[in-house]
Amino acid sequence: MRTLPFFPPDLFEEDREALLSAVRELGTGPGQRFILGERTAELEEALREETGAGHVVACASGTGALELSVRALDIGPGDEVIVPAFCCQPVASAVANAGATPVFADVDPWTMVLDPDATKSLITERTKALLPAHVFSIMADMERLGAIAREHGVALIEDAAVAQGAVLDGRPAGRWGDVGVFSFFQVKAFGTAGEGGVVLTDDPELARAARMLRNHGQDGVHRFLHHRIGLNNRFDEVLAAFQLHRLGGFPDRLERRARIADYYTERFEPLRERGVLAPPAGRNGRCYYVYSLLVDRREDLRAYLTEHQIGSHIYYPVPLPRQPAFAPWADPEGAWPNAERASARNLAIPIWPHLSDAEVEFIADTVCEFYA
């Protein structure tokens, strides 16, 4: 059995020629426009058709998409945004970089996504938005969170960075809030050869604001006329051409990931009594970007996997409110027990779509052998 790293050894093996073709085409074609050109517009239109969003705004990264979303909603000093205590750092940094206050809510103990009850208890007159983040393969409870947002008259920003292609009750990820974001970071399910992201919204004014903000506050018509204090958050034309190519094989890659996840979940169900929790069963249109278990004896299991040449990964080992960077906004006496538990117990195993059936079986066998 070959070594099975957590991330695939060659992310774009089958797409290498398409990437080289994009570089050649943009590098030798007329005009040689490498930023915010025709390919970017084509990708935005393709994603608009795929998701049903009224507007799609491509930008430099998923982090950039979060920052554009927060700023387009005019969130700033004096405002609060409720974010999950267990998730990727940009969810909170996008709020802090806008001058607003991230307020950390605990997560569900099993799914590790934002807990609606914990969220509701933290809303104040300063709350401007809720910012749930989908984690691994599980979407947050967007129906309940949307109802809470409407009840309190606050915005809903959906961080679907890891969930492109997921569907919940017939509605695509990224389409549940006032604004949603995707990330094209290279190891995401729809990753690109570098960075990239998009903002999705049905609100034309939010889209207009995001388009201006991504390009130094310019409106795209009058150069060097700046309507807002914006950012350099523009998308690359080579990557846009590459992503247009990768859209074609995206459904097949998602399906393969889902089949691997189904097999894992079935194999690991008997391990519950030994302290192993697999993600909740049932696809409901999930995007299995990562397959993460909650386990006892995590470090021992990880060492055992390494011994058998199987990679693994620990996500967010320190909850956001315990991070030094967020000390100014997090109560040192605060309690986020479920986030602490998720940080201490999660372990992700390989799920990249080019794993063979035999390799998937070997990974599952190895986990089961450890707990036997």
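This is a predicted model: local features need pLDDT of at least 70, side-chain atom pairs count only at pLDDT 80 or more; totals for chains, interfaces and linings use all residues.

1. Residues are numbered from 1 along each chain as its sequence is written, and side-chain values use heavy atoms, with hydrogens and water left out.

2. The protein chain holds twelve helices and twelve strands, where helices (H or I, at least four residues) and strands (E, at least two) are DSSP runs numbered from the N terminus. Its radius of gyration is 21 Å, close to the 21 Å that the globule rule gives for 372 residues, so the chain is as compact as a globular protein of that length; the radius is taken over C-alpha atoms, and the rule is 2.2 Å times the number of residues to the power 0.38.

3. Of the 372 residues in the protein chain, 56% are buried (under 20% relative accessible area, 1.4 Å probe, protein chains only). Among contacts (heavy atoms within 4.5 Å) between residues at least 6 apart in sequence, 70% join residues at least 24 apart.

4. An open sheet is formed by three strands in the order 10-11-12, with antiparallel pairing (two strands pair if DSSP finds at least two bridges between them). Strand 10 (276-277) and strand 12 (346-349) are the edge strands, each pairing on one side only. Strand 11 (residues 291-295) is joined to strand 12 by four bridges, and L294 has N346 in strand 12 as its bridge partner.

Notes: Buried means under 20% relative accessible area, exposed over 50%, partly exposed in between (1.4 Å probe, protein chains only).
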